[in-house]
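User: I am new to this structure and want to learn how to read it. Can you take me through its features one at a time?

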Amino acid sequence: MVPDISTGSRTYGLLAYLYGPGRRDEHEDPHIVASWQPVLAPDPGRDPAATLKQLTDRLDLPVLALPADRRPTRHVWHCPVRTSPGDRLLTDTEWAEVARRIVHATGIAQAGDDQACRWIAVRHAPDHIHIVATLKRQDGRSPRRHNDSDRAQAECRQIEKDFGLQRLNPGDRTAAKRPTSAERSKAERTGRAEPPRETLREAVRQALAGAATEDEFFARLTAAGLRVEQRIAPSGDTLGYKVALPGDRNRNGQPIWFPGSKLAPDLSLPKIRQRLTDNPLNPTDEPRPRPARARRDAITPALRAAALLDHDDDGTAVAQLVGTGELLDALAQTAPAATRTELRTAARAFERATRTHERAARADHRALRTAARGVLRAGDALGRGEDGGTTAMVLSTLVLVTLAAARWHSAHNHAQQAAAARQAAHHLRTAYRTAAATPLRTMRLHGQRLPEPVRDHHTATVTAALPEYADWLRNGTGWDALIATLDQAQAAGHDPTTLLKTVIGQRELDTADNITDVLIWRIRHTTNLPTAPKPTTATSPARTRAPKPAETATHTTPPPPGQQRPRR
């Protein structure tokens, strides 16, 4: 159940909308379900003789009774309350109780207070109501509604429990401000996919990812096509900034500006400066790295972030969350077309997981910010070849990071952030499966073409190193790709047994979605193997010989009874 409080200045205009047909004729049977005094609140939806003018005058009476200089400019309090998709439909009686509990919790009209503000609750759709109140009590005083949004949210969590509805996650006042209902309606009318506030928040986040200086940040905003205006002090110092979308104007034709602090708490200029100075990056003129190289370079700091989220102090963990958010924003801007949508969605979801009341430790996510900068400098990656393979490799790692973030937030009772991290992991998995399909298929073909003695040798190596997972691995779809990876690593001079022990020790496997894939990418990252091996033929002299007896003394044991031999 979601409340959305705002204030305005036109009681009649709001009532005309609530009782009207709606912008798409979606309003059905508008009527009052509860009010401050049913006898005094005419209902144009039920009484043919009642008018909107009469209802407006009754609601505004305590405001109009005051001298003009004591009347609040924005005297209309508006709170739509909506159930979640999938919730049962509430009756009028239940919605009336919801309305009374919310006006009580927010200080608009506490139970038993006959001098409270005047209010009504209008229902014109099955899944929500609109609570309208005027912000002067009947004794002329103003209501005590400090933190009314937080109190409304808290009461809705209790209503969900009492009514058996979906339980939403409680917040901690670190979330970005959501678009208002007016902003959402305007976006629909103008054909925008989302309100400008959301578009601008993503654009500012992406401009900040891997930025080395304040000037570079502002230059990126301009390059992204945003209108940017800096607030300059007489000394010439920049005090703040605001952004707007081209073409987004108010009724007077003026651009609709959003200061960074109104987009998200961590996008104010002081917070941005703190991030840039606490974790300074070196603006370099070195040659741009290739996309595949930049993605490989991002894996080590991402793995470190996952480890720190599981084992380190709060300040360090928060720094890893912020750095991971920048890396996701960088990857979302440069991802191949096949995975870009899922990566953008993952980055947007994880943005909520980067903000908590705990403060990030200084300079603890410089490596992640450097990796984000490298990804952006490298430019767009292709969806094939080494670019596609390294994209899959880094996405596989980031799934682990976001799941570690979800565990950290859950341990700290950050319900919304934990849910956001899990949502990001879901979208990263989807993007990973798309990116990994081609390189894994190439590896499987490579593994299937290997001679049987070579396959048996690698099978025995895996069985000895991972006895608890061996059967599952051999029967999985990624087995041939793992065999191909071990064979290629051995050809490059690595001992497969030692290599497996090394990658297993890097991180436990119990939380992995697909152990085979994790092993493949860890081995290829550790040995710097290409992600798309060149196929070899079964007649290659170097690969057709059986291992020498000394090499296979511990690897000649046949499979357990009933165990299917590896597929060729």
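Analyst: Let us begin with the idea of a core. A nonpolar core is a set of buried Ala, Val, Leu, Ile, Met, Phe, Trp, Tyr and Cys residues joined through side-chain atoms within 4.5 Å. This is a predicted model. Its largest nonpolar core has 73 residues. Leu-398 and Trp-521 have the most contacts inside that core. Helix α14 gives the largest share, twelve residues. A second, separate core has 43 residues, among them Met-1, Ile-5, Val-122 and Cys-156.

User: Which residues does Leu-398 touch, beyond four places away in sequence?

Analyst: Leu-398 touches Ala-302, Thr-324, Leu-327, Leu-328, Leu-331 and Leu-428.

User: What is the overall picture, in helices, strands and spans?

Analyst: The protein has 22 helices and nine strands. Its C-alpha trace spans about 100 × 65 × 40 Å along the principal axes. Of its 568 residues, 52% count as buried. Now take contacts between residues at least 6 apart in sequence: 74% of them join residues at least 24 apart.

User: How do I read the confidence of the model?

Analyst: Look at pLDDT, the predictor's confidence in each residue, from 0 to 100. The mean here is 88, and 91% of the residues reach 70 or more. Residues 536–568 stay under 50. For that stretch the model has 43 contacts beyond four places in sequence.

User: Trp-521 came up in the core. Which helix holds Trp-521 among its buried residues?

Analyst: That is α20. Start with its length. Helix α20 covers residues 515–527, 13 residues in total. From first C-alpha to last it reaches 18 Å, close to the 18 Å expected at 1.5 Å a residue.

User: How many residues of α20 are buried?

Analyst: Buried means under 20% relative accessible area. Twelve of the 13 residues of α20 are buried, so the helix is largely enclosed by the rest of the structure. Ile-515, Asp-517, Arg-522 and His-525 are among the buried ones.

User: What covers the buried residues of α20?

Analyst: The cover includes several helices. Among them are α10 (291–311), α14 (385–411) and α15 (415–448). Helices α17 (470–475), α18 (479–491) and α19 (496–506) are included too.

User: What should I look for at the two ends of α20?

Analyst: A side-chain oxygen of Asn-514 reaches to within 3.1 Å of the backbone nitrogen of Thr-516. After the helix, look at the backbone angle. Asn-528 follows α20, and its phi is positive, near 60°.

User: Now one residue at a time. Is Ser-396 buried or exposed?

Analyst: Ser-396 counts as buried, at 12% relative accessibility. It is found in helix α14. Leaving out residues up to four places away in sequence, Ser-396 touches Tyr-432 and Trp-521.

User: And where is Lys-177 found?

Analyst: Lys-177 is in the loop between α4 (148–163) and α5 (181–190). It is partly exposed, with a relative accessible area of 44%. Beyond its neighbours within four places, Lys-177 is in contact with Arg-197, Arg-201, Lys-262 and Leu-263. Its C-alpha atom is separated by 36 Å from that of Gly-388, 211 residues apart along the chain.

User: How do I read a sheet?

Analyst: Read the strand order and the pairing. In a regular strand the side chains alternate between the two faces of the sheet. Six bridges join β7 to β8 (residues 238–244). One of the bridge pairs is Ile-232 with Thr-238.

User: Which strands pair with β6?

Analyst: Strand β4 (residues 76–82) is joined to β6 by seven bridges, and the two run antiparallel. His-78 stands opposite Val-132 in β6. Strand β5 (residues 117–125) also pairs with β6 in the antiparallel sense, over six bridges. Ala-125 has His-128 as its bridge partner. A hairpin of two residues joins β5 to β6.

User: How many residues of β6 are buried?

Analyst: Ten of the ten residues of β6 (residues 128–137) are buried, and the strand is mostly covered.

Notes
Residues are numbered from 1 along each chain as its sequence is written. This is a predicted model: local features need pLDDT of at least 70, side-chain atom pairs count only at pLDDT 80 or more; totals for chains, interfaces and linings use all residues. Side-chain values use heavy atoms; hydrogens and water are left out. Helices (H or I, at least four residues) and strands (E, at least two) are DSSP runs, numbered from the N terminus. The expected span of a helix is 1.5 Å times one less than its number of residues. Buried means under 20% relative accessible area, exposed over 50%, partly exposed in between (1.4 Å probe, protein chains only). Contact means heavy atoms within 4.5 Å. A polar contact is a pair of N or O atoms within 3.5 Å; within protein, one must be able to donate a hydrogen and the other to accept it, and residues adjacent in sequence count only if both atoms are side-chain atoms. Two strands pair if DSSP finds at least two bridges between them.
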